[in-house]
Amino acid sequence: MTTDTSSQLRLGRIAATLGVSDIERSRTLYREIFGLEKVFENGSPVGFMILKKDEAELHLTLQKGYRAPPFNQAHIMVSDADAACRACERHGLRIVKRLQNKDYGLRAFVFADPDGNRIDVAEEI
């Protein structure tokens, strides 16, 4: 007989992992736009990296010939979606879904990073 342990489990962090073709380029981009800083790396050459700021954590994994899927890979809550969108535009990133107020209480947009990873960015309104 099995028991349902899901109600007994306490969950810790959970973080999105993005495949990238150039880990340093991605690190720089996510630092410049969101202020995420490297807190861990592994491999020689580096093939895995953890970026973190405040409560947000993003994992990068180097994948040669990587092709991003056609759906959002991560969702980032921010304090100012307008400023985040402007920063993405200044970096020449493609805005997949324009910045707008949603009927479910978020101001949000979606951008694609240089590897095509779609990231949904939002703030509560």
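**Note on the predicted model**

1. Read along the sequence, the protein chain follows the pattern β-α-β-β-β-β-α-β-β-β. That gives two helices and eight strands. The coordinates come from a predicted model, and the remarks below should be read accordingly. Along its principal axes, the C-alpha trace spans about 55 × 45 × 30 Å. The chain has 125 residues, of which 36% are buried.

2. Helix α1 covers residues 23-34, twelve residues in total. From its first C-alpha to its last, the helix reaches 16 Å, close to the 16 Å expected at 1.5 Å a residue. The buried residues of α1 are Ile23, Ser26, Leu29, Tyr30, Ile33 and Phe34. Viewed down the helix axis, these buried residues fall within an arc of 125°, so they line one face of α1.

3. After the helix comes glycine 35, whose phi is positive, near 80°.

4. In the loop between β2 (37-42) and β3 (48-53) lies proline 45, and the peptide bond that joins serine 44 to proline 45 is cis, with omega near 5°. The loop between β3 and β4 contains aspartate 54. Although aspartate 54 is not a glycine, its phi is positive, about 55°. The relative accessible area of aspartate 54 is 60%, so this residue counts as exposed, the cut-off being over 50%.

5. On the cysteines, the structure holds zero disulfides. Cysteine 85 takes part in none, and the nearest cysteine sulfur, that of cysteine 88, is 6.4 Å away. A disulfide is a covalent bond between the sulfur atoms of two cysteines. The criterion applied here requires the two sulfur atoms to lie within 2.5 Å. Seen from cysteine 88, the closest cysteine sulfur is that of cysteine 85, and the 6.4 Å between them is too far for a bond.

6. Are cysteine 85 and cysteine 88 buried or exposed? With the threshold for burial at under 20% relative accessible area, cysteine 85 counts as buried because its relative accessibility is 5%. Cysteine 88 is likewise buried, because its relative accessibility is 0%. Cysteine 85 is found in helix α2. Between cysteine 85 and tyrosine 30 there are 55 residues of separation in sequence and 13 Å in space, C-alpha to C-alpha. Tyrosine 30 is itself among the buried residues of α1.

7. The largest pocket has a volume of about 500 Å³. Its lining consists of 20 residues, and those closest to the pocket centre are Phe34, Ala56, Ile76, Met77 and Val78.

8. Which elements give two or more residues to the lining of the largest pocket? They are α1, β4 (56-62), β5 (72-77) and α2 (81-90). The largest share, four residues, comes from β5.

Technical notes
Residues are numbered from 1 along each chain as its sequence is written. This is a predicted model: local features need pLDDT of at least 70, side-chain atom pairs count only at pLDDT 80 or more; totals for chains, interfaces and linings use all residues. Side-chain values use heavy atoms; hydrogens and water are left out. The expected span of a helix is 1.5 Å times one less than its number of residues. Buried means under 20% relative accessible area, exposed over 50%, partly exposed in between (1.4 Å probe, protein chains only). The arc is that of the directions from the helix axis to the C-beta atoms. On a 1 Å grid over the protein atoms alone, a cavity is a set of points where a 1.4 Å probe fits but cannot get out, and a pocket is an open set with protein on both sides within 12 Å along at least five of seven lines; lining residues have an atom within 4 Å of a point. Grid points are joined across faces, edges and corners, and a volume is the space filled by probe spheres set on the points.
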